[in-house]
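Visitor: I would like to learn how to read a strand inside a sheet. Please take me through one case.

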Amino acid sequence: MIYQCYARKEDKKHLFIGGPYKGFGLEPDVNKRLFENCPELEDPEIRMGLTEYACFLWHWRNNANPDGWFGSTSFRQQEKGFLTKFESKAEVQHYLQQHQIIGWGEYKLLGAMDTDKGRYGGFPISLAAQAEACHPGINEYIRTAFSEFGHEVPEEWGTKDQGFFANYWAMSNKLFNEFMEFSWPMVQWSLENVHESKFYKMQPEFSTVTNAKATGYFMERLFILWYLSKGITPYSPQQDPYTLFSTVQKGVPQ
């Protein structure tokens, strides 16, 4: 099953109907079972911090997924430009028989030459550089968390210019459990420590970006860091990644 996350009643009209999709409410107003085996989710601040990770945590704790694989997406998926839509569970299973992870939120990352005038140079930037441009302080925060739990940041984080973002992916239950065992200790640590970090205090406030979601931004990168550390390259049915420009100038140290 691919669980399509949403938070408000009015979001339900954007959910996919049928196929391998099922809505998952991230707030108690739209999900009466949200707190089952997940007492952390009773705290609105934690729910805001976890964002879609609440869906992962709930299914990991409750073992409620009926399939041998787990997938996640958002009610805003197509609004964000990711148009991949599966017709059936059999289609998802077909891809997962050939690939360890499938994803439909892939970006090719490019930097900007002159952000004031809106001109873009199109030069590749790394996953690390893009993360820092969007969320100042995140790389130091990642290094601190990884050191705390005995992990090493994979070299590819600073070299690869493509990656799978958001919560748009599917994998076997075995791999999903491995991801949760890797990520949850660090996510839990972040919930307890993020407010005192420079990363939290440095977050810009614009559009939907807010320091209240800082742990969520960290969590999103944990997925990328996890599959890089395992040497896995997810497969995208879309094939051609979307281009994402970030305000990174040439010659600026990353």
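Predicted model: local features only at pLDDT ≥ 70, side-chain atom pairs only at ≥ 80, totals over all residues.

Visitor: In what order do the strands of the open sheet run?

Guide: Strands are DSSP runs of E with at least two residues, numbered from the N terminus, and two of them pair if DSSP finds at least two bridges between them. Here 5 strands make an open sheet, ordered β2-β1-β3-β8-β4, with mixed pairing. The edges are β2 (21–25) and β4 (101–103), each pairing on one side only.

Visitor: How does β3 pair with strand β1, and how with β8?

Guide: With β1 (residues 2–6) the pairing is parallel, over 4 bridges; C5 has S74 as its bridge partner in β3. With β8 (residues 169–172), β3 runs antiparallel, also joined by 4 bridges, and S72 is partnered by W169.

Visitor: Why is β3 said to be largely enclosed?

Guide: Buried means under 20% relative accessible area, exposed over 50%, partly exposed in between (1.4 Å probe, protein chains only). In β3 (residues 69–74), 6 of the 6 residues are buried, so the strand is largely enclosed by the rest of the structure.

Visitor: Which residues of β3 point which way?

Guide: In a regular strand the side chains alternate between the two faces of the sheet. In β3, W69, G71 and T73 point one way, while F70, S72 and S74 point the other.

Methods: Residues numbered from 1 in each chain as written. Heavy atoms only, no water.
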